[in-house]
Amino acid sequence: MSLYVDIEKKLGNFHLKVFFEAENETLALLGASGCGKSMTLKCIAGIEKPDRGRIILDGVTLFDSDKKINLSVQERKTGLVFQNYALFPNMTVMQNVAAGAKREKDPVKRERLIHEFIESFGLASEVNKYPSELSGGQQQRTALARALVSDPNILLLDEPFSALDSHLRFQLEQEVRRAIQSFGKTVILVSHDRDEVYRMSDKVAVMQNGRIEAMGEKGEVFAAPKTKNGAILTGCKNISEVKILDDNHLMALDWGLKLYVPNIPEDVEYIGIRMHDIQAGEGENHFRCFVEEVIENTFSYTLLLRGVEGGAKTFGWEVDKKLWNYYRPKTGNIHSPASEKPVVDIRIPSDVILLLKG
Amino acid sequence: MDWFPLWNSLRIAGISTALIFFLGIFSAYYISKAPRLIKGILDVILTLPLVLPPTVVGYLLLRVLGPKRLIGTWFLEVFHLRLTMTWWSAIFATSVVIFPLMYRTARGAFESFDENLAYSGQSIGLSNTYIFWHIRMPVCRQGILAGAVLSFARALGEYGATNMIAGYTPGRTATISTTVYQLWRTNDDALAFRWVLVNLAISFVVLLAVNMLEKKRGV
């Protein structure tokens, strides 16, 4: 059970060129809108036709430009779930799920299958409702039931949670995760949301401009992104262009900070520092900084800092509310002129600095 | 009052609407999927009758179907059938005139159709024919029905092309619109006015139906 994708497609100025493999696992395609992640999904499903390449699922060639193989959407047996769920509005929940079971020709088995999925997705009391009468969660469950009852060889999820508010989203994520677990085959999830990707997937492919920039186990990809875009997509807010001074020192040009990092590779163009990785106090890479702005979040503050020796741009420090209340300087006012702003001591341990390519 | 023109108008409009209903829908479906250049060209050609004066449509039809013209001659020789100056000749005229109405409303309905519904259907193994009849058509139903009703109304009111290809023969080819003109021309103002009222009543009902269909669509 595995998916092999090696495709290329030109569309105006856009050039999609991706290669990846996935086993029985959840692979997330993470990227901003327009990076080609949905197009890749559509190529796998057979909705879009690549110009060149091969797509093989469980040993069956779905697409091969050399051998002129291009199976229809129906023949590919993929389970497609769209962001808007695409439930048939003129059919009830029961009819929607039943439509998914049409491949089963034996009517007795088919009936049993439909009821099994209605039950296991908790839709028994909604069978006669139309999609417009369902809650977001019920719509999603219906869409999943309809896709999975057709016994697909792969599940393709296109931004399944983007349209939801955060509370509902959390609940639905759990339901989808359960469905994925019992499905047990390859799942491709397309998303622009790093938290969602982190919670839902095993492997992550970071996409930009139609290419896969980085791919691997999600822990690796998130802990150590290799590119500027990868850092941004995995949620790193502080990114600066750098000048390498020597093997162990570099200058963060945007912030005017000289940082110690052991063994700097030559091709480093940027560094990234996650806002919560900055620490209070003195030590390695210690800096005194003015606090220019304090933004209150639900459970933390984001402080915008600028080194006392000056820097073109500020950088963010996310600090726990309790810690900040304890640590907050008692003098200085963020609204005062530069020299009278509150001053804090921070340190940036060298092992939290992400060394990035462009 | 001789009710023949009403009956004749209704059957002409009914038959041409039924014909164009399917022709318009299938043209709309296939053209909305065609490559852009072909789509652009066909769109212009198929919409042309909407903006042409009906007399021009009538003239062009006569050039093709007239007894001394290409198709007209062929039908006369093979089937001994005259395509003009019979009651059903008007069906050619009304069909051509209402085609763009049906085609364009159907195309509008199809274009607002969420293609993801079709893709979802295909991925779970539904055939394209099944998707067309059980998903696409029902979802676009209101728009398509509104187009059909509008086409029927337009067919009922067709005058110019009808007059040229079917003429005005009382009791044979007379429709409401040709009758009104004839009565007015012969100074029978009272009777003309009655037919005008009949026409108004029908148009009113038809437009009411269109409105109700469109309101339903908004919900």
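Modeller: A residue is called buried if 20 or more other C-beta atoms, placed from the backbone, lie within 10 Å of its own; it is exposed if there are 12 or fewer, and partly exposed in between. By this rule, 38% of the 219 residues in chain B are buried. Please note that this is a predicted model, in which local features need pLDDT of at least 70 and side-chain atom pairs count only at pLDDT 80 or more, while totals for chains, interfaces and linings use all residues. Residues are numbered from 1 along each chain as its sequence is written, and chains are lettered from A and ligands numbered from 1 in the order in which they are written.

Helices (H or I, at least four residues) and strands (E, at least two) are DSSP runs, numbered from the N terminus. Chain B has eleven helices and zero strands. Along the principal axes, its C-alpha atoms fill a box of roughly 65 × 45 × 25 Å.

Two residues are in contact if their C-beta atoms, placed from the backbone, lie within 7 Å. Of the contacts in chain B between residues at least 6 apart in sequence, 75% join residues at least 24 apart.

Chain B also touches chain A: 13 residues from chain B and 20 residues from chain A take part in the contact. On the chain B side, helix 6 (115–123) and helix 7 (128–139) are the elements that give two or more residues. Helix 6 of chain B gives the most, with six residues. For classes, Ala, Val, Leu, Ile, Met, Phe, Trp, Tyr, Cys and Pro count as nonpolar, Asp, Glu, Lys and Arg as charged, and the others, Gly among them, as polar. This side of chain B has seven nonpolar, five polar and one charged residues.

Of its 358 residues, 42% count as buried. Two strands are said to pair if DSSP finds at least two bridges between them. In chain A, five strands form an open antiparallel sheet in the order 2-1-4-5-6. Strand 2 (14–22) and strand 6 (69–70) of chain A are at the edges, each with a single partner strand, so one side of each has no neighbour in the sheet. Strand 1 (residues 3–11) of chain A runs antiparallel to strand 2 of chain A, and nine bridges join them. Within this pair, A:Lys9 has A:Leu16 of strand 2 as its bridge partner.
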